[in-house]
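These are my notebook entries on a single structure. I set down what I looked up, entry by entry, together with the cut-offs that I applied.

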Amino acid sequence: MKALKDRAQTVLINNFKDGFSIPCAKLYPFQWFWDSGLIAIGFAHFEMEKAELEIKTLLDAQWGNGFIPHIIFHTDTDTYFPGADFHRSDLHPESSKKYKSTGMTQPPVTGFVLEEMYRISKDKPATLKFIKTVIDKVYDNHNYFFTQRDPQKEGLVYIYHNWESGTDNSPIWDDIWDTMNPPEYNFERRDTTHVDAAQRPSKREYDHYLHIIEIAKEHNYSDEKIAELSPFLVQDPLFNAMLIKSNQSLINLYELLGDHTKIEQLQQWQNKSIKAFNEKLYDEELGAYIHYDLRNEKPLRYLSSSSFAPLCASIPSEARAKKMVEVMMEKFGGEEQYLCASFDPTSERFNPKKYWRGPVWINLNWMLFKGLKQYGFTEIAERVKQDSVDMIDKNGFYEYFDSRKEMHKDGTAGYGGNDFSWTAALLIDMLN
Ligand code: DGY
């Protein structure tokens, strides 16, 4: 195991650039929001300074309104599409003047990442000192979400683009694509020059992705206009669970810092969100959490690894957690499967090779590992960890993995980018 951990550290060190990490070479040559956060957890185990720098750089790109972009384009390179010139986030009056970025965000992991860094730290006073310098920025980010992304004041925030979900081409979005008919855009894909096209989204899916951005651009990325007009407007259980988990971490950290000025507000957001989450996003019949299409006012009744992520934010009751784990084991946890496929393996939309349409992702496994342990499902948590180690050991530090065990015989069941940072970072954390 030591050798695997050493290799993981090498992956992280190689992907660390000038104050931030890239997710992997060529395919993702910039800084990504939730990647950065999860990478910092890995670095915290062996180079706290780099973990701090990662977060510092990320927060340095925060906008005047508290928004944190999903990609920060630190360098000029044409190996990625769509780049800064397509996104034109500078159209927003409060965008960063210092960095080019996208005008969309990603799951807000920063709050709980800070708490993880504190947990891991061997010099807690020094880490707390660092946290003190950045925590208000994370608070401002939560303030942005709760005040700008919740038009009906429900306690649940929306995402307006599939790239904001992090689960980019999930089959769940197919229902939304069915409600849209974007033009066929003329553009040159870069991702498929680095990775087999069979493992990436289709051209038509990209038309949808670009179209939503065009609408946001037309309105200078105004949150109000996006809420009114974006054809994609979804309450996502993974995204909202990350926000709730981060929110709890902010409460815990402000307590540690002895700063009580923001705790009441955070607690109000927290109570309202958890209640709304349990009332609106839990599907009794499926026995897990689902997405809600706010634009078309309809639940999207599909099981995915996001359905179980609320465990790691302590959202379900014990009884619900038990039911969720039963469902997960029945549908995703058969002996022939590695835990945990990103989409329901019993569905006809399942594709074990294609990005978020079925493969296993280590970031979701890490969340499940944490959540299962918290609720006392120790054995299943251990299996999630062991499955993750096994897949990485057999194939390398890939972006995602085939969920079918039989495919892992000759070390070719790792897909997408190789030497992928969060795969390495979260393996280090699970092994510690
Ligand atoms: C991509 O380019 O596929 C990225 O995941 C978008 O965030």
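Leaving aside its neighbours within four places in sequence, with which residues is S95 in contact? I treated this as my opening entry and settled the ground rules before answering it.

**Ground rules.** I worked on a predicted model, in which local features need pLDDT of at least 70 and side-chain atom pairs count only at pLDDT 80 or more, while totals for chains, interfaces and linings use all residues. Residues are numbered from 1 along each chain as its sequence is written, and side-chain values use heavy atoms, with hydrogens and water left out.

**Entry: S95.** With neighbours within four places in sequence set aside, I found S95 in contact with W63, S89 and D90; contact means heavy atoms within 4.5 Å. I located S95 in the loop between α4 and β3 (100-101). Helices (H or I, at least four residues) and strands (E, at least two) are DSSP runs, numbered from the N terminus. S95 has a relative accessible area of 6% and is therefore buried. The classes I used are buried under 20% relative accessible area, exposed over 50%, and partly exposed in between (1.4 Å probe, protein chains only). I then looked up the polar contacts of its side chain. A polar atom there lies 3.4 Å from the backbone oxygen of S89, and one lies 3.0 Å from the backbone oxygen of H92. A polar contact is a pair of N or O atoms within 3.5 Å; within protein, one must be able to donate a hydrogen and the other to accept it, and residues adjacent in sequence count only if both atoms are side-chain atoms.

Entry: I listed the residues around the ligand as Y28, W32, H70, Y80, W163, D168, R200 and Y355, a residue being near if one of its heavy atoms lies within 4 Å. On its own the ligand has 230 Å² of accessible area, of which the protein covers 95%. Accessible areas come from the Shrake-Rupley method with a 1.4 Å probe; for residues, only the protein chains shown count as cover.

**Entry: salt bridges.** How many salt bridges does a search of the whole structure find? I recorded 31, counting a side-chain nitrogen of Lys or Arg within 4 Å of a carboxyl oxygen of Asp or Glu.
- R200, one of the residues around the ligand, forms a salt bridge with D191 at 2.7 Å, N to O. D191 and R200 are both buried.
- E205 and R357 form a salt bridge, with their closest N and O atoms 3.6 Å apart. This pair links distant parts of the chain, 152 residues apart: E205 is in helix α10 (residues 203-218), and R357 is in the loop between α14 (318-331) and α15 (362-374). I noted E205 as buried at 9% relative accessible area, and R357 as buried at 12%.
- D390 and K394 form a salt bridge with closest N and O atoms 3.2 Å apart. They are separated by about one helical turn because they lie four residues apart in helix α16 (residues 378-395). D390 is partly exposed at 26%, and K394 is partly exposed at 41%.
- E116, R119, K370 and D429 are linked in a network of salt bridges.

**Entry: nonpolar core.** In soluble globular proteins, nonpolar side chains tend to be buried together. I found 153 residues in the largest nonpolar core here. Such a core is a set of buried Ala, Val, Leu, Ile, Met, Phe, Trp, Tyr and Cys residues joined through side-chain atoms within 4.5 Å. Those with the most contacts inside it are L114, M117, Y160, F308, M328 and L372. Beyond its neighbours within four places in sequence, L114 is in contact with I55, F130, I131, V134, I135, V138 and L253.

**Entry: backbone geometry.** Which peptide bond ending at P82 is cis? I noted the bond from F81 to P82, with omega near 0°; P82 is in the loop between β2 (71-73) and α4 (84-87). The bond from L339 to C340 is cis, with omega near -5°, and C340 is in the loop between α14 and α15. S314, although not a glycine, has a positive phi of about 55°. S314 lies in the loop between β8 (298-300) and α14 and is partly exposed at 44% relative accessibility. D419, also not a glycine, has a positive phi of about 50°. I placed D419 in the loop between β10 (414-415) and α17 (421-431), partly exposed with a relative accessible area of 41%.
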